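Subject: Handing over a structure

Dear colleague,

I am passing on to you the structure shown below, together with some notes on what turned up in it.

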Amino acid sequence: MKQSCEQKLRKLAEVLEYLGANHISHSGSTLTEHSLGTALILNQWQLDCHICVAGLFHAVYGLPGISSSRTTITRPLLERIIGTYAESLVWRYYKADRDIFFNSFSEERQDASLAGSGCNDLIYLILANYVEQAIRNPKNVKLEGIGNILHIVEYVEASVQLFVVTVIDNALKSQE
């Protein structure tokens, strides 16, 4: 019997635990819980499973500004575990300069270097990461971050746009 993407994600989450991600704090939870939540949101959006797997491992190389967030896995080993495309998406997520990325979508300017293969998948990954944290900790949603999200949300399917905007709206209402 073929394994569903959600079953695969839950099994691969054990790899994150083995790497110690369950001992790394992240936005009021553990990196394992956050990463699995991110992956499950991507799965709920019915994206290809390799994108969901990238969502599960999106932070294994580290998080901006959090030096203790890096796991010890190497790129070649992660590629063997999750596949070439998923690992390359994880690496792009890790290496992306967020200011340059978000600015390239502002005022209807899209940087040609970002428009290549996997750009939409990277957008979905960034959105799912944001949404997972906004659902879990709505009081931590900041207005300055919302602007960045709204610059890129127009590049995804309408159902995902509605999901993201609804989460942001609920987070802002919880802060009133």
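Ser 174 belongs to helix H9, and with a relative accessibility of 26% it counts as partly exposed, where buried means under 20% relative accessible area, exposed over 50% and partly exposed in between, for a 1.4 Å probe and protein chains only. From Ser 174 to Asn 137 the distance is 9.9 Å, C-alpha to C-alpha, although 37 residues separate the two in sequence.

Before going further, please keep in mind that this is a predicted model, in which local features need pLDDT of at least 70 and side-chain atom pairs count only at pLDDT 80 or more, while totals for chains, interfaces and linings use all residues. Residues are numbered from 1 along each chain as its sequence is written, and side-chain values use heavy atoms, with hydrogens and water left out.

On the overall make-up, the protein has nine helices and two strands, these being DSSP runs numbered from the N terminus, with helices (H or I) of at least four residues and strands (E) of at least two. Their order along the sequence is α-β-β-α-α-α-α-α-α-α-α. The protein has 176 residues, of which 45% count as buried, and among its contacts with a separation of 6 or more, 65% are between residues 24 or more positions apart.

The axes of H7 and H9 are 10 Å apart and meet at an angle of about 30°, the axes being lines fitted to C-alpha atoms, for helices over the stretch in contact, and the angles running from 0 to 180 degrees between N-to-C directions. The two helices are therefore roughly parallel to each other, given that angles under 35 degrees count as roughly parallel, over 145 as roughly antiparallel, 65 to 115 as roughly perpendicular and the rest as oblique. On the H7 side the contact is made by Tyr 124, Leu 127, Tyr 130, Val 131, Ala 134 and Ile 135, and on the H9 side by Val 160, Phe 163, Val 164, Val 167 and Ile 168.

H7 also meets helix H5 (residues 84–95), the axes coming within 10 Å and crossing at roughly 65°. Here Tyr 85, Leu 89, Arg 92 and Tyr 93 of H5 make the contact with Cys 119, Asp 121, Leu 122, Leu 125, Ile 126 and Asn 129 of H7.

Also in H7 is Arg 136, which is partly exposed, with a relative accessible area of 26%. Arg 136 is in contact with His 26, Ser 27, Gly 28, Ser 29 and His 34, leaving aside its neighbours within four places in sequence, and its C-alpha atom is 9.4 Å from that of Gly 37, 99 residues away in sequence.

Leu 42 touches Leu 47, Ile 51, Cys 52, Gly 55, Tyr 124, Leu 125 and Ala 128, not counting residues up to four places away in sequence.

Finally, there are five aromatic pairs in the structure, a pair being rings of Phe, Tyr and Trp (its six-membered ring) whose centres lie within 6.5 Å, with planes under 30 degrees apart counted as stacked, over 60 as edge-to-face and the rest as tilted. One of them joins Trp 45 and Phe 163 edge-to-face, at 5.6 Å centre to centre and 85° between the planes. This pair links distant parts of the chain, 118 residues apart, since Trp 45 lies in the loop between helix H2 (31–44) and helix H3 (49–56), and Phe 163 in helix H9 (residues 158–174). Trp 45 is buried, at 8% relative accessible area, whereas Phe 163 is partly exposed at 21%. Ring pairs join Trp 45, Tyr 124 and Phe 163 into a cluster.

With kind regards

How values were computed
Contact = heavy atoms within 4.5 Å.
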